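Take a look at the sequence and the structure below. This report goes through them part by part.

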Amino acid sequence: MAPTQRHRWLTLPDSHDRTRRAELIRYVHDQARGDFEARYPGVQFGPVVAVIAAYDEEQNIGAVLKAMPAFVDGLEVTTLVVVDGGTDATAQVALDSGVFTCVLPVNLGHGQALKLGYELASAHGARYVVTLDADGQNDPAEMGDLIQPVIDGEADFVIASRRLGVDRTTDRFRRAGVSLYASILNAIMSQELTDSSNGYRAFRVELLDDILPLLVEDQYQTAEVVITASSRGWRITERPTVWHPRASGTSKKGGNLFFGLQYGRVIGATWYRTTRANRVRPPAPGSGDTGRSEPLSTDR
Ligand SMILES: Nc1nc2c(ncn2[C@@H]2O[C@H](COP(=O)(O)OP(=O)(O)OP(=O)(O)O)[C@@H](O)[C@H]2O)c(=O)[nH]1
Ligand SMILES: [Mg+2]
């Protein structure tokens, strides 16, 4: 009898399953990347690349793209939308707005879409990468403040914090989850973050190049990136943000209980993985673990 989805919950993937899944993801990424390179041959991005992963966001993404800044701190901003499969006109809206658009042929999940965005940004000349959502929860006008600590060389990775700023959403359960998971993450990684699950982020590209091979989560990947970057010794800080309700539609990440359980699983699994991986991998070049007190560069 063929296994049902319910039975699948009871069986842990073996190494053959994991290898096959990784190969499938690689194949789909390569297809999308090939299409992208053919659509934009030899393209060179600006020093700041804003990566927006979008899954069925045709109603919301147009307004986000219109609000994207052309420059932050005198540095040109390139917007790159990674359309994560889906069935609506998200890709067409992005293409019509004139931003760089990479389309995955099937839905792989927010984490996998962002990984492809990081790869493209790095390969096409980005020095800094910003991520934000396509659903209108982040204000692109805040990008300059968010990225400033990275440009100034004070941090390698900045996370927008709704708890340091303003949270305009009303879900108290979700708010409690944001605080709880930040506390857990702080306890295991010796950080002092207030909002580790916010997807509005700015990175130095060297950090992304370093952690990319260690990222495996399809969804709920915000914790994975923080734990992995922290375990590699990169410097993380926060800036306040105004966190808006979704412009339209509902979260596709499941109800609060499912979201919470999955988020907790990602924290545990990443912590276990990075602890093992760092036993065999040297510290990140330029990260705090090397004992350097100087930032990599100020790039100003
Ligand atoms: N849910 C979901 N979002 C995806 C996926 N791939 C890309 N995304 C994009 O990821 C961003 C965040 O997704 P949301 O579903 O809003 O999740 P969230 O903002 O973390 O959580 P909420 O607070 O519930 O909105 C949006 O821009 C989505 O379009 C996917 O497979 N699932
Ligand atoms: Mg959202």
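## Ligand 1 and its surroundings

In this predicted model, a polar side-chain atom of D135 lies 2.7 Å from an oxygen atom of ligand 1. Q219 also approaches with its side chain: one of its N or O atoms is 2.9 Å from an oxygen atom of ligand 1. Y55 uses its backbone instead. A backbone N or O atom of Y55 lies 2.8 Å from an oxygen atom of the ligand.

How much of ligand 1 does the protein cover? On its own, the ligand has 610 Å² of accessible area, and the protein covers 92% of that. There are 19 residues around ligand 1. E57, D84, A134, D135 and S251 come nearest.

## The magnesium ion

Ligand 2 is a magnesium ion, coordinated by D135 through OD and by Q137 through OE1, at 2.0 Å.

Are these two residues buried or exposed? Buried means under 20% relative accessible area. D135 has 5%, so D135 is buried. Q137 has 13% relative accessibility, so Q137 counts as buried too.

## Y55 in its loop

Y55 sits in the loop between β1 (48-54) and α3 (61-66). Its relative accessibility is 30%, so Y55 counts as partly exposed.

Which residues does Y55 touch, leaving aside its neighbours within four places in sequence? Y55 is in contact with D84, G85, G86, N107 and K252. One further pair shows how the chain folds back here. Y55 and V83 are 28 residues apart along the chain, and their C-alpha atoms are separated by 6.1 Å.

## D167 in strand β6

D167 belongs to strand β6, which covers residues 157-167. At 19% relative accessibility, D167 counts as buried, because the cut-off is under 20%.

The side chain of D167 makes a polar contact with the side chain of T169, at 2.5 Å. Beyond its neighbours within four places in sequence, D167 is in contact with R162, R175 and W243.

In soluble globular proteins, nonpolar side chains tend to be buried together. Here, the largest nonpolar core has 48 residues. Y118, V129 and F157 touch the most other members. Helix α5 (residues 110-123) gives this core its largest share, 6 residues.

Apart from its neighbours within four places in sequence, Y118 is in contact with V129, T131, F203, L208, L212, L215 and V225. There is also a second, separate core of 30 residues. Its members include V48, V64, V81 and V99.

## Helix α9

V225, one of the contacts of Y118, lies in helix α9 and is buried.

## The whole chain

Now step back. The chain has 10 helices and 8 strands. Of its 300 residues, 49% are buried. The chain exposes about 14,300 Å², and carbon and sulfur atoms supply 55% of that area.

What share of the contacts joins residues at least 24 apart? Among contacts between residues at least 6 apart in sequence, the share is 79%.

Notes:
Residues are numbered from 1 along each chain as its sequence is written. Chains are lettered from A and ligands numbered from 1 in the order in which they are written. This is a predicted model: local features need pLDDT of at least 70, side-chain atom pairs count only at pLDDT 80 or more; totals for chains, interfaces and linings use all residues. Side-chain values use heavy atoms; hydrogens and water are left out. Helices (H or I, at least four residues) and strands (E, at least two) are DSSP runs, numbered from the N terminus. Buried means under 20% relative accessible area, exposed over 50%, partly exposed in between (1.4 Å probe, protein chains only). Contact means heavy atoms within 4.5 Å. Accessible areas come from the Shrake-Rupley method with a 1.4 Å probe; for residues, only the protein chains shown count as cover. A nonpolar core is a set of buried Ala, Val, Leu, Ile, Met, Phe, Trp, Tyr and Cys residues joined through side-chain atoms within 4.5 Å. Donors are N, O and S atoms within 2.8 Å of the metal (3.2 Å for Na, K and Ca); water is not among the atoms, so sites may look incomplete. A residue is near a molecule or strand if one of its heavy atoms lies within 4 Å of it. A polar contact is a pair of N or O atoms within 3.5 Å; within protein, one must be able to donate a hydrogen and the other to accept it, and residues adjacent in sequence count only if both atoms are side-chain atoms.
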